[in-house]
Amino acid sequence: MGFVSGLRVYASLGLLALSVPAFLFPSIWLVAVAVAASALALALTFGRRAGLAFLAVYSLLYLLLVLLAVPLPLYALLVAVFTAFLLSAATRSRAFLAAMLALAAFLVVFLALQGYFLASWHGGVVKVAPPSELASVFSRSPVILVGHRMAEGVAETRLSPNERIAEWEQIVVNATPYWVFAVTPLNTMSQNYVSKLILVNALTGEALVVEARMPVGSGLWLWGNIDLNAYLRSGGSEVGNTFPVIHGGKPYFVAGVHPLLGTVPSPGYLYVYDSTGNPRVYPAFSRELEDWPQSYDWEYLDRLVGTWLYHLAGLEPPSFTPLPRGFLFLPASPYSQNLLNMTLLVPDARGHTQRVWFGVSPASPNALASIVVANNTGVYYFDVRNLGIYSPHYVQSLVQSRLPAISGGTLYARYSQLLWLNGTWLWVTPVYAKTGVTTLWGVAVTNATNPTASEVYQYPGGDYQAFLKASISAFLSWRLRGAPAGRCAWVNGTVTGVYQFVHGGETNVAIVVGGKPYLAKPSMGVEEFLKALEVKPGQRVWLCVAGNEVVEVKIEGG
């Protein structure tokens with residue numbers, strides 16, 4: 001082998017060697033070195049012009065990927081492999097061919113096992129907790145009735161003609177869940193800042209505007225864009241969820257940043273940008289952020305929890321398998337689960353943001369196998385296979401099948417939320433009407449362990465939470481005391497008339513709701529008939545009626 005040929009081979013091998021650390025410990029600078037090495041190897045093989053042409057093309061592509069904040073490890077290997085193919089015709093070296101094959105095998109194996117690596121390397125974030133603690137998580141949960149589309153419609157009424165919504169997030173502030181919308185001017189090249197945050201109360205629909213002039217945030221240009229800003233500051237780490245937040249009455253923007261080992265992200269850090277655009281860096285779940293609404297990147301946890309459940313092989317202590325569904329003669333793991341593509345948000349005991357995920361076994365997809373809860377102190381796994389709680393997707397499909405058709409739009413059930421009340425697990429599912437705008441149509445209350453016990457209540461107007469409280473109270477007092485399904489149907493609304501009359505020697509009460517009279521007789525029982533006698537015009541009531549006869553009466557506030 002001549003000197004020049006040997007130099008070509010060693011340059012090619014050096015290029016491949018450089019690509020491995022650039023893949024395992026990706027950063028802007030290591031990938032830049034890999035690109036420069038590729039250009040040098042091509043110049044030695046095909047001449048100076050080839051090397052310069054390669055450097056020019058890949059520099060433009062590299063700059064584009066950096067501006068888009070694209071994680072770099074795969075790109076580093078693609079540069080090396082593409083260059084290696086160009087070099088292979090000239091080198092024809094067995095050592096080079098062996099290195100090429102080893103690199104390709106390494107890449108395939110690493111990518112095939114990246115989920116297992118994520119669960120094994122960072123699965124310690126998830127702690128196994130006893131199911132007995134689960135009731136305390138859901139016994140104090142407010143039910144969110146204002147969905148995202150409703151909240152966005154409210155937020156849009158607070159925009160000026162020169163503004164747009166650039167980002168949104170759902171968080172808990174002072175024990176109250178909010179939809180938070182970040183607003184920017186339409187032309188961020190001339191006005192490159194976040195102009196305000198709009199908070200929409202997820203319980204009542206009320207809106208609060210917090211004025212701001214933040215030079216870093218979502219939807220901004222170049223250095224002002226929080227994805228690019230955090231990406232460059234971290235040297236090329238993966239940027240996860242970015243979200244606006246209010247703390248102490250002040251606006252902030254937060255970015256989850258996750259250093260990579262290959263393609264496997266770590267829990268990483270939160271870059272917290274204040275109103276001046278200066279970030280402070282905190283580890284995820286930092287004690288310094290315990291009093292903040294959220295001290296973690298929930299989108300990263302969504303990925304981690306999903307792979308954790310999928311690769312789970314045992315619980316005491318948690319262990320993982322690379323082949324959770326079995327292969328050839330290897331049996332499937334009985335602990336492996338699928339993550340449902342829905343996440344709940346509920347305040348924790350300290351009034352901070354708490355996220356909830358649900359896992360189901362592939363052998364029994366209609367029942368929950370696990371509930372995973374994340375708050376500012378960590379992530380906790382609860383095994384609920386013995387509780388018999390049905391999946392929220394299953395419950396939502398049952399509710400959807402019972403909804404009537406409406407003119408000019410459709411009804412849809414979404415955001416099922418789990419409650420623990422009076423020793424019973426309940427799913428409460430808001431029902432929305434999508435016409436020209438999205439509005440609350442009603443709620444469905446379902447026994448989570450016996451979904452045949454379910455009622456749909458139509459929203460009559462007024463206070464959302466009063467309607468919700470009355471609906472749940474009506475369901476608990478009727479369904480859960482063992483009354484047969486279908487005996488009566490619930491009607492609710494404002495009373496427009498009450499008429500008492502004597503028939504057959506008995507006093508009867510006619511209660512008019514929604515333009516229709518419903519008859520209450522003493523035969524319904526003394527307790528319920530006395531309630532009927534107390535009904536007055538203008539009150540909001542819930543009547544369980546069979547035909548036109550009242551079986552049960554609920555009075556708002558009663």
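Reader: Which residue forms a salt bridge with Glu549?
Author: Lys521 does, with the closest N and O atoms 3.1 Å apart. A salt bridge here is a side-chain nitrogen of Lys or Arg within 4 Å of a carboxyl oxygen of Asp or Glu. This is a predicted model, where local features need pLDDT of at least 70, side-chain atom pairs count only at pLDDT 80 or more, and totals for chains, interfaces and linings use all residues. Residues are numbered from 1 along each chain as its sequence is written, and side-chain values use heavy atoms, with hydrogens and water left out.

Reader: Where do Glu549 and Lys521 sit in the chain?
Author: Glu549 is in strand S28 (residues 549–555). Lys521 is in the loop between strand S26 (516–520) and helix H13 (526–534). The two are 28 residues apart, so the pair links distant parts of the chain. Helices (H or I, at least four residues) and strands (E, at least two) are DSSP runs, numbered from the N terminus.

Reader: How many salt bridges in the whole structure?
Author: Seven. One of them joins Lys196 and Glu163, with closest N and O atoms 3.0 Å apart. Lys196 is in strand S4 (residues 194–201) and Glu163 in strand S2 (residues 163–173), so the pair ties together parts 33 residues apart in sequence. Both Lys196 and Glu163 are buried.

Reader: What about Arg385?
Author: Its side chain meets that of Asp383 in a salt bridge, 2.6 Å from N to O. Arg385 is partly exposed, with 43% relative accessible area.

Reader: Back to S2. How many bridges join S2 to S3?
Author: 10, and the strands run antiparallel. Two strands pair if DSSP finds at least two bridges between them. Ile165 has Val183 in S3 as its bridge partner. The hairpin of S2 and S3 has two residues between the strands, and Asn174 there takes a positive phi near 55 degrees.

Reader: And S3 with S4?
Author: Six bridges join S3 to S4, again antiparallel. Ala182 stands opposite Leu197 in S4. Nine of the 10 residues of strand S3 (residues 176–185) are buried, so S3 is largely enclosed by the rest of the structure.

Reader: New topic. What is the strand order of the open sheet of four strands?
Author: S6-S7-S10-S11, with antiparallel pairing. S6 (238–247) and S11 (279–283) are the edge strands, each pairing on one side only. Strand S10 (residues 269–273) pairs with S11 over five bridges. Leu270 stands opposite Tyr282 in S11.

Reader: Where is His247?
Author: In strand S6. His247 counts as partly exposed, at 23% relative accessibility. His247 and Asn174 are 73 residues apart in sequence and 9.2 Å apart in space, C-alpha to C-alpha.

Reader: Which residues form the nonpolar patch on the surface?
Author: Leu63, Leu67, Met189, Trp221, Leu222, Trp223 and Leu232, with about 690 Å² of accessible area together. Patch residues have over 30% relative accessible area and no salt bridge; like charges are joined within 9 Å, nonpolar side chains (Val, Leu, Ile, Met, Phe, Trp, Tyr) within 5 Å. Areas come from the Shrake-Rupley method with a 1.4 Å probe, and for residues only the protein chains shown count as cover. Leu232 is in helix H9 (residues 226–233) and is partly exposed at 32%.

Methods
Buried < 20%, exposed > 50% of the residue type's maximum accessible area, 1.4 Å probe, protein only.
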